[in-house]
Number of protein chains: 2
Amino acid sequence: MANTHRIRSDFVEKVGQIAQGEGLPKIAGRVFGLLMFDGEPISFGALATELQVSRGSISSSVRLLEDRGVIKRVGVPGERQDFFQIADQPFTGLLEGALKRIKRAEQEIEASLSELSIEAGATRDRLRSYSDFYKTLGGGLQHALSTVDDKKG
Amino acid sequence: MANTHRIRSDFVEKVGQIAQGEGLPKIAGRVFGLLMFDGEPISFGALATELQVSRGSISSSVRLLEDRGVIKRVGVPGERQDFFQIADQPFTGLLEGALKRIKRAEQEIEASLSELSIEAGATRDRLRSYSDFYKTLGGGLQHALSTVDDKKG
DNA sequence: AAGTCAATTCAGTATAAACTGAACACTTTT
DNA sequence: AAAAGTGTTCAGTTTATACTGAATTGACTT
């Protein structure tokens, strides 16, 4: 049998890297990876010691992940510490965040577009195609989102 | 009539911000925005002076954008400088790059998955759902990509 | 209510990435 | 062939952001 613990820490590091690639803090990715792998609730303190990072970092990472609905804070009977667990729909929040960014970009471009006078024909066409790109992209993510949604929910 | 020049520089800055949000250098975004707005070829030197950045930055930005197929380097008769112009399918390359990142992440997760012994049932289920998420996301982008592709042909 | 324990905040530090500008190599002009 | 023009490279600097750790706040425990 393979060494589960090594697989686990490899996985945690991988997710850290992936997160960094997506523009998220590496530690947040590690937290996500750990909770994903273990499934069961892990305490605030355990996250800090196991990942060997400061409690301050854990605090900001879990808030980030909580805000996006990727993890949830749960209570454990007889325990004073906060515990964290992977959310029921961890990916929905991520997709929604991406969608929001895309929508914002689309709106920014359309704002510029609407300022341009009618004579600026070719420029208008290009900006239009740019905002169309974001529309299409948003549509693709929207589709992914609904697919992810009814996987479980 | 609205002041076109102000709209133009606003747009350029907006695209710079959007690029930064996507994890790309701000200057690369500005270059893209400028070429997008103007449509016609702009010289290497003009990019540097107009955006008020070093020639070194222009060099690396245009290479990045060229590599992704977002812009193209064109010659202008009687001119020694390189000129740059928005590519015919500027968005295709961007999407392809995003897809590649997603595919890589998916594979990483599946690598961990395949290492896990059969007893690790629940963990396997979670990692499977994680890689499924990337599959779904990739499908969404793939769809967007083909839509973008046949907008122009 | 004093003492412990837990999480957050925030000022300071470390790290990573972007950006600069001068040196370089190559090309064209005079 | 010297001079001027052009793009790239890269060592050094700046900037942005992640991270730390000590101070702080609040909530339990005795």
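This report walks through a predicted model with chains A and B, from domains to symmetry, sheets and helices.

Residues are numbered from 1 along each chain as its sequence is written, and chains are lettered from A and ligands numbered from 1 in the order in which they are written. Because the model is predicted, local features need pLDDT of at least 70 and side-chain atom pairs count only at pLDDT 80 or more, while totals for chains, interfaces and linings use all residues; side-chain values use heavy atoms, with hydrogens and water left out.

## Domains and symmetry

Let us start with chain A. It is divided into domain 1 (4-87) and domain 2 (91-152), with bounds that come from an automatic or database domain assignment. Between the C-alpha centres of these two domains of chain A lie 31 Å.

How do the two chains relate? Two copies of a chain are related by a rotation about an axis and a shift along it.

Helices (H or I, at least four residues) and strands (E, at least two) are DSSP runs, numbered from the N terminus. Two strands pair if DSSP finds at least two bridges between them.

In chain A, 3 strands make an open sheet in the order β1-β3-β2, with antiparallel pairing. Its edge strands are β1 and β2 of chain A, each pairing on one side only. Chain B also has an open sheet of 3 strands, ordered β1-β3-β2 and paired antiparallel, and there the edge strands are β1 (42-43) and β2 (71-74) of chain B.

| Strand pair | Bridges | Opposite residues |
|---|---|---|
| β1(A) and β3(A) | 2 bridges | Ser43(A) and Phe83(A) |
| β1(B) and β3(B) | 2 bridges | Ser43(B) and Phe83(B) |
| β2(B) and β3(B) | 4 bridges | Lys72(B) and Gln85(B) |

Another residue of chain A to look for is Ile42(A), which stands opposite Phe84(A) in β3(A). On the sheet of chain A packs α4(A), which touches β2 and β3 of chain A and makes about 115° with the direction of β2(A). Axes are lines fitted to C-alpha atoms, for helices over the stretch in contact, and angles run from 0 to 180 degrees between N-to-C directions.

Which residues join α3(A) to α4(A)? First, the geometry: the axes of helix α3 (residues 44-51) and helix α4 (residues 55-67) of chain A come within 9 Å and cross at roughly 115°. From α3(A), the contact draws on Phe44(A), Gly45(A), Leu47(A), Ala48(A) and Leu51(A), and from α4(A) on Arg55(A), Ile58(A), Ser59(A) and Val62(A). These contact residues divide into 6 nonpolar, 2 polar and 1 charged. In this count, Ala, Val, Leu, Ile, Met, Phe, Trp, Tyr, Cys and Pro are nonpolar, Asp, Glu, Lys and Arg are charged, and the others, Gly among them, are polar.

Key: Contact means heavy atoms within 4.5 Å.
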